[in-house]
Structure formats: C-alpha cells, structure tokens
Amino acid sequence: GRLNLSIGWPGHTMMALPSATILPCFPQPGTLLLGEAESIQPDTNKELHAAIILLQKTGELFTQELASMLPPLLLNVSSHHRVLDLCAAPGSKTLQILDAMQRDLAPGAPPQGLLIANDVDSKRL
C-alpha cells in the first residue's frame, strides 16, 4: 500500500495498521507492506480489514501491490511532464503518477504538467 502523504497523517495511519511495515528501501516515501492478501481479508483479520477500508475511504491509504508501483517510479515523472495513461483502471498507478507530479511543487503552486487517464475497458473505469 501507499500512504497519501498529501492529505494523510502518517502517524495516525500507522497506529491504525500496527502490523504494517514501512519499506525504507523503496524509493517512494510512504510505501507500506500490509501483508499477504490472505492475511488482510475480513474472514482472516476483521480489525485490520476494517482499518484498511476506513483509511481507503478517507483517502489516507491506497492499496497497491509493490509490482504495480514500479512502472510509475521508472517513469520518473516531474511536475512539468505530460503523461497519457491509457491503462488507467482501476487507478492506483494513475494516482501514484499524480502524486509524483505534485511532489516537487511548492505548496499552493499551480500544476505545470498534464495527466490524462483512460482505459480501453469501459467496465473498469
């Protein structure tokens, strides 16, 4: 998963997810290891699953596999870039690209670049 550092409260999120581990070796700040998919299901761990759902609804946490975090990192996007994401559904990589585009902006500064997101499968949008 990824913490939403632009609106989230990392300390609060980590208190809600005591079993989560921050990955310091991963180049994107706020990358968490939540556990194997089976360990965060409601029938396996109701409290952890409920916390993850709540943090997703408030926008503090994005669930995303580590493998899907790599393509946006390899793009090395900056705030002035123009990005066309044609495989955007369900949106986790797109949000990661948007975060990267906003990361080097001063607070309150207008965006310089452009991100267009779409997907060929309308059912996934």
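This note sets out points on helix packing, nonpolar cores and individual loop residues in a predicted model.

1. Packing of H3 against H4. Two packed helices are described by the angle between their axes and the distance between the axes. For helix H3 (residues 66-75) and helix H4 (residues 92-103), the axes come within 9 Å and cross at roughly 35°. The crossing of H3 and H4 is right-handed.

2. Residues of that contact. On the H3 side, the contact is made by Ser68, Met69, Pro71, Pro72, Leu73 and Leu75. H4 contributes Ser92, Lys93, Gln96 and Ile97. By class, the residues of the contact of H3 with H4 comprise 6 nonpolar, 3 polar and 1 charged.

3. The two faces of H3. Ser68, Met69 and Pro72 are the buried residues of H3. These residues lie on the same side of H3, because they cover an arc of only 105° around the axis. The cover over the buried residues of H3 includes strand E1 (2-3) and H4. On the face of H3 turned away from its buried side are the exposed residues Ala67 and Leu74.

4. Ser68 in detail. Ser68 is located in helix H3. Its relative accessible area is 17%, and residues count as buried under 20%; Ser68 is therefore classed as buried. Apart from neighbours within four places in sequence, Ser68 is in contact with Ser92, Lys93 and Gln96.

5. H3 is followed by Asn76, which is found in the loop between H3 and E5. Asn76 is not a glycine, yet has a positive phi of about 55°. With a relative accessible area of 59%, Asn76 is exposed.

6. The largest nonpolar core. This core has 11 residues: Leu3, Leu17, Ala20, Leu32, Leu34, Ile40, Leu48, Ala51, Ile52, Leu55 and Leu61. Helix H2 (residues 46-57) gives the most to the core, with 4 residues. A second, separate core of 5 residues includes Val83, Ile97, Ala100 and Met101.

7. Surroundings of Leu3. Leu3 belongs to the largest nonpolar core. Leaving aside neighbours within four places in sequence, the residues in contact with Leu3 are Pro10, Thr13, Gly30, Leu32, Glu60 and Leu61. Among them, Leu32 and Leu61 are likewise listed in the largest nonpolar core.

8. A cis peptide bond. The peptide bond from Ala89 to Pro90 is cis, and its omega is near 5°. Pro90 is found in the loop between strand E5 (82-85) and H4.

9. Gly108 lies in the loop between H4 and strand E6 (114-117). Its relative accessible area is 83%, and residues count as exposed over 50%; Gly108 is therefore classed as exposed. From C-alpha to C-alpha, Gly108 and Asp119 are 30 Å apart in space, while in sequence they are 11 residues apart.

Key:
Residues are numbered from 1 along each chain as its sequence is written. This is a predicted model: local features need pLDDT of at least 70, side-chain atom pairs count only at pLDDT 80 or more; totals for chains, interfaces and linings use all residues. Side-chain values use heavy atoms; hydrogens and water are left out. Axes are lines fitted to C-alpha atoms, for helices over the stretch in contact, and angles run from 0 to 180 degrees between N-to-C directions. A crossing is left-handed if the near helix is turned anticlockwise from the far one by less than a right angle, and right-handed if clockwise. Contact means heavy atoms within 4.5 Å. Ala, Val, Leu, Ile, Met, Phe, Trp, Tyr, Cys and Pro count as nonpolar, Asp, Glu, Lys and Arg as charged, and the others, Gly among them, as polar. Buried means under 20% relative accessible area, exposed over 50%, partly exposed in between (1.4 Å probe, protein chains only). The arc is that of the directions from the helix axis to the C-beta atoms. A nonpolar core is a set of buried Ala, Val, Leu, Ile, Met, Phe, Trp, Tyr and Cys residues joined through side-chain atoms within 4.5 Å.
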